[in-house]
Amino acid sequence: MSSTDPVTMFGADWCRDCRRTKAQLDELGLTYRYVDLEADPAAADVAREISGRTNIPVVVYPDASHHVEPTNAEVETKLRELALI
């Protein structure tokens, strides 16, 4: 990923943490790429390669760092650190 890539979130509608993180990103007005693991099951392998875990959501930032199952505070702190909000 390059620094011009948006934030990418891997998630699924059945996942409560995914719905919470997606709602947070929407509320912040952030442009991001949402990868629906129900619609694209093969993307689960990509998320697992990034995180080393099967937990979701996986949020990938433009600096190539990521969070797995982040709290709202963790996401907000990282977005502020990257000057995205």
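**A tour around helix α3**

In this predicted model, begin with α3, whose buried residues pack against β1 (7-11), α1 and β4 (66-68). To see which residues these are, select residues 72-81, the span of helix α3, and colour Val75, Lys78 and Leu79, its buried residues. Looking along the axis, you will find that they cover an arc of only 100° around it, which puts them on the same side of α3. This can be set beside a general point about helices: an α-helix has 3.6 residues a turn, so residues three or four places apart point the same way.

Next, turn to the face of α3 directed away from its buried side, where the exposed residues Ala73, Thr77 and Glu81 are carried. Then step just past the end of α3 and select Ala83, which takes a positive phi of about 60°.

Now bring α1 into view together with α3: their axes come within 10 Å and cross at roughly 35°, and the crossing is right-handed. To display the contact, select Arg20, Thr21, Gln24 and Leu25 on α1, with Asn72, Val75, Glu76 and Leu79 on α3.

Is Glu27 buried or exposed? Its relative accessibility is 70%, and because exposed means over 50%, Glu27 counts as exposed. With Pro70 also selected, the C-alpha to C-alpha distance from Glu27 is 16 Å, for two residues that are 43 residues apart in sequence.

Note on methods
Residues numbered from 1 in each chain as written. Predicted model: local features only at pLDDT ≥ 70, side-chain atom pairs only at ≥ 80, totals over all residues. Heavy atoms only, no water. Buried < 20%, exposed > 50% of the residue type's maximum accessible area, 1.4 Å probe, protein only. Helix = DSSP H or I, 4+ residues; strand = E, 2+ residues; numbered from the N terminus. Arc of directions from axis to C-beta. Contact = heavy atoms within 4.5 Å. Axes fitted to C-alpha atoms, helices over the stretch in contact; angles between N-to-C directions. Left-handed = near helix turned anticlockwise from the far one by under 90°.
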